[in-house]
Amino acid sequence: MGHVIGAKAMDAQADELTIRGYVRQIRSHLETALGIARAADACAGAGFHDKAVEITLDLELPLCEATTLVNATSRINRIEPN
């Protein structure tokens, strides 16, 4: 039985490390998206609406990657040990 408890503790520790890494990556992707949004906002504010739309389209990748990591984090949290 002690072996199973030790394995569960190691799994929990691995999950915590994974979640911490995912959260860092999520923050990084959101910071990238924020920079893009600021650039688009500046263009729109200066009257360059076509450029603002073009820049805004660059939000798709970092937001998609952040969403994927949020979903992965959520799944790790939902997994119940056997």
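Predicted model: local features only at pLDDT ≥ 70, side-chain atom pairs only at ≥ 80, totals over all residues.
Q: How many helices and strands does the chain have?
A: Helices (H or I, at least four residues) and strands (E, at least two) are DSSP runs, numbered from the N terminus. Here the chain has 3 helices and 0 strands. Its pattern along the sequence is α-α-α.

Q: Is Asp50 buried or exposed?
A: Buried means under 20% relative accessible area, exposed over 50%, and partly exposed in between (1.4 Å probe, protein chains only). Asp50 has a relative accessible area of 68%, so Asp50 is exposed. Asp50 lies in helix H2, residues 49–56. Asp50 and Ala40 are 10 residues apart in sequence, with a C-alpha to C-alpha separation of 9.7 Å.

Q: How many disulfides are there?
A: A disulfide is a covalent bond between the sulfur atoms of two cysteines. The rule applied is a pair of cysteine sulfur atoms within 2.5 Å. The count is 0 disulfides. As for burial, Cys43 is buried at 17% relative accessible area, while Cys64 is partly exposed at 46%.

Q: What share of the chain is buried?
A: Buried residues make up 18% of the 82 residues.

Q: What share of contacts join residues at least 24 apart?
A: Contact means heavy atoms within 4.5 Å. Among contacts between residues at least 6 apart in sequence, 68% join residues at least 24 apart.

How values were computed. Residues numbered from 1 in each chain as written. Heavy atoms only, no water.
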